Amino acid sequence: MAMTAAEVLKMAKDNEVKFVDFRFTDTRGKEQHVTVPVSHFDIDKFESGHAFDGSSIAGWKGIESSDMLLIPDPSTANIDPFMEETTLFMQCDVIEPTDGKGYDRDPRSIAKRAEAYLKSSGIGDTAYFGPEPEFFIFDSVRWKIDMSGCFVKIDSDEASWTTGEKLEGGNTGHRPTTKGGYFPVPPVDSFQDMRSEMCLILESLGIPVEVHHHEVAGAGQNEIGTRFSTLVERADWTQNLKYVVWNVAHTYGKTATFMPKPIVGDNGSGMHVHQSIWKDGKNLFAGDGYAGLSDFALYYIGGIIKHAKALNAITNPGTNSYKRLVPGYEAPVKLAYSAKNRSASIRIPYVANPKGRRVEARFPDPLANPYLCFSALMMAGLDGVQNKIHPGEAASKDLYHLPPEEDALIPTVCASLEEALDALNKDREFLTRGGVFSDSMIDAYIELKMQDVQRMRMTTHPAEFDMYYSL
């Protein structure tokens, strides 16, 4: 049950809480926080909020209009499992003090507007999302970029390249091969206990865990499957999941990353996103069409495929994202849909019960800001429904190995962040309906992400020495 402000105050008292942590998510998807002693925490914080400087957050306000308010959401209250002193934390909305409305660049406020738009459109009343973020756990990572050159070095006891190392206590030799991490029992899978600990902590935070396992990539790729929920809540949970994964790995002296493609030549990390739209307790995706889908669901798929290149700017928001989106590494690059075929970018998972009927977008990755990612996917899908955009025939063949003439007929996701940002710039109207995303937010987003493109473009890469040094 969602808690009220009064119940949160009681929870703080009952647990002898010393500090209250207010958390919010910036444009890039990184959670930020500010902490107050419990002596400065009362009912007024829920009504008047906590003031902070919005100009210091990348992609947000200028220095001339920087005052913002954090309004904590009592339904997100939890005791932090990692802090030495008892600390209660909550996710917050960022509010404009001038009009008391959600700030137009605050990702959580955008997600709330997306939920409100769904209801006001009359198309449905609830959007369910179920993301599957994959991640890597390494023993150590080092990198350096300066005028003298650059390098990155990953240390992983589990990696296949460690078989020749002399290790303290001996080299046991039990480890996954490249692309061999899915999913032999321990000792080959060395992360069982760590993942179990992550799962127990997630459950203690009210996030139901459904499965955990090693993933395909050999050097410490893992996945924890958690339950679907409504759009905003599921984005909150995703932020909590990342927080738990990072911090549990940290307590083990390891380092976790949700970077999509940290390792050359092995699988990258995706974040498949399951989604469905409901109305009056009925799943609007269930029907008697292809794979048990309704026309509504097919049109929703049509909307995602139509807007996929613009969506990429939000669902795959890093230059590194496009090192994953290449053929041959299980990453879906072809914009097609299919029930069994995992090479299609939209999959319809098999479920016996029509209530579970859903579609799974397979191209997003865990670098995506979950509030923006889920909102944008839903807005694209709803455009498909509103305009009856049929996605055409389902893909039955392996899309990785088509004859060239067939291959040329199937559209693909973007090949670079720059291409995706250009697509978003040209195809943005579907996001701005109902004031969900504003044009100024999209402009600021593109400007922020172009800095990544520019930095990458200007940085000499070690591979270039391989290709050009002696020419």
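Where does F183 lie? F183 sits in the loop between β9 and α4 (192-204); helices (H or I, at least four residues) and strands (E, at least two) here are DSSP runs, numbered from the N terminus.

## Ground rules

This is a predicted model, so to speak of local features takes pLDDT of at least 70, and side-chain atom pairs count only at pLDDT 80 or more, while totals for chains, interfaces and linings use all residues. Residues are numbered from 1 along each chain as its sequence is written, and side-chain values use heavy atoms, with hydrogens and water left out.

## Two cis bonds in a loop

Back to F183: the peptide bond from Y182 to F183 is cis, with omega near -25 degrees. The loop between β9 and α4 also holds P187, and the bond running from P186 to P187 is cis too, with omega near 10 degrees.

Take F437: beyond its neighbours within four places in sequence, F437 is in contact (heavy atoms within 4.5 Å) with I110, I314, L372, S375, A376, L431, T432 and I442.

## α7 against α9

Helix α7 (residues 308-315) packs on α9 at an angle of about 165 degrees, with the axes 9 Å apart. Axes are lines fitted to C-alpha atoms, for helices over the stretch in contact, and angles run from 0 to 180 degrees between N-to-C directions. That makes α7 roughly antiparallel (over 145 degrees) to α9.

On the α7 side, L311, I314 and T315 make the contact; on the α9 side, L372, C373, A376, L377 and A380 do.

## I154 in its strand

I154 belongs to strand β9 (residues 149-155). With 13% relative accessibility, I154 counts as buried, meaning under 20% relative accessible area, whereas exposed is over 50% and partly exposed in between (1.4 Å probe, protein chains only). F138 is 16 residues away along the chain, yet the C-alpha atoms of I154 and F138 are separated by 7.1 Å. Leaving aside neighbours within four places in sequence, I154 is in contact with F138, S140, V141, W161, P262 and I263.

## Positive phi

E16, in the loop between α1 (5-14) and β1 (19-25), has phi near 50 degrees without being a glycine. K388, in the loop between α9 and α10 (404-407), also has a positive phi, of about 50 degrees. E16 is exposed, at 58% relative accessible area, and K388 counts as exposed at 58% relative accessibility.

Conventions:
Angles under 35 degrees count as roughly parallel, over 145 as roughly antiparallel, 65 to 115 as roughly perpendicular and the rest as oblique.
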